[in-house]
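I opened the notebook today to look up ring contacts and surface patches.

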Amino acid sequence: MKVLDILDAVNARLVEKWPDRTVYVDVCPVDFARPSFWIAVEKNDWTDANRFMIRHDLQMRLTLYDELDEHYDASWYRLAQETDQVMELLTPVLQVGGRHLKLNLKALPRDPDRACVQINAVWMDQRPGTVGENIPAADSYSLRVRADIN
C-alpha cells in the first residue's frame, strides 16, 4: 500500500460527498477556490517491526476552506457542520486497493475561515527487498499456561 493510494482513497470519499468542490492533494495554490479541501502529508515514518515487516505511520492534515461572503467572512456554523460531516465520512474503514485501513481522526482548533482534521494511519508491510525470500516456518512451538487460583 502506497501513500498516494491512501490520498486517492480519501480524495474519492470527499469527491463522492462534495462533487462540486476541488480537493487539492499535497499542494494548495495561492489562488485556491473556495469552498475546497486540501490534504497534505505531514509525516510518513517507517520503523522496524521485526526481521521481515515494517510499520508505516502516516499523518495527514485535511484543511476545509469555507466559502467567504461579500465581507470576506465565513460561517463558523457551516464550518463546524462540515467538519463533523468529514469526520463521519472518514470514520468507516477505508478500502485502499485490496486492503482495509482504519483511520484515526482528530479535529484541530479552527480558524475563522478554515478547519483542520488530523488523519493518522498505521499499517504493516513486508520489508522492501524481502519479497520472494523464503521465510522459514516454525518447526515447533511452546505454549505455557499459568492459572492463579485464589
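This is a predicted model: local features need pLDDT of at least 70, side-chain atom pairs count only at pLDDT 80 or more; totals for chains, interfaces and linings use all residues.

Entry 1: I searched the whole structure and came away with 2 aromatic pairs. I then checked where the partners sit in the chain: tryptophan 18 is in the loop between helix 1 (3-17) and strand 1 (22-25), while phenylalanine 37 belongs to strand 2 (residues 36-48). They are 19 residues apart, and the pair links distant parts of the chain.

**Entry 2: buried or exposed?** For tryptophan 18 I read 9% relative accessibility, so I put this residue down as buried. Phenylalanine 37 is buried too, at 0% relative accessible area.

**Entry 3: another pair.** I turned to phenylalanine 32 and tyrosine 65, which also form a tilted pair, 4.3 Å centre to centre and 35° between the planes. Phenylalanine 32 lies in the loop between strand 1 and strand 2, and tyrosine 65 in strand 3 (residues 53-65), 33 residues apart. I found tyrosine 65 buried, with a relative accessible area of 4%.

**Entry 4: a charge over a ring.** Back at tryptophan 18, I saw that the charged end of lysine 17 sits over its ring, 5.7 Å from the centre.

**Entry 5: the surface.** I listed Tyr141, Leu143 and Val145 as a nonpolar surface patch, with about 460 Å² of accessible area together. Valine 145 is in the segment after strand 7 (114-126), and I marked this valine as exposed because its relative accessible area is 71%.

Conventions
Residues are numbered from 1 along each chain as its sequence is written. Side-chain values use heavy atoms; hydrogens and water are left out. Rings of Phe, Tyr and Trp (its six-membered ring) pair if their centres lie within 6.5 Å; planes under 30 degrees apart count as stacked, over 60 as edge-to-face and the rest as tilted. Helices (H or I, at least four residues) and strands (E, at least two) are DSSP runs, numbered from the N terminus. Buried means under 20% relative accessible area, exposed over 50%, partly exposed in between (1.4 Å probe, protein chains only). A charge sits over a ring if NZ of Lys or CZ of Arg is within 6 Å of the ring centre and within 35 degrees of the ring normal. Patches are made of residues with over 30% relative accessible area and no salt bridge: like charges are joined within 9 Å, nonpolar side chains (Val, Leu, Ile, Met, Phe, Trp, Tyr) within 5 Å. Accessible areas come from the Shrake-Rupley method with a 1.4 Å probe; for residues, only the protein chains shown count as cover. A salt bridge is a side-chain nitrogen of Lys or Arg within 4 Å of a carboxyl oxygen of Asp or Glu.
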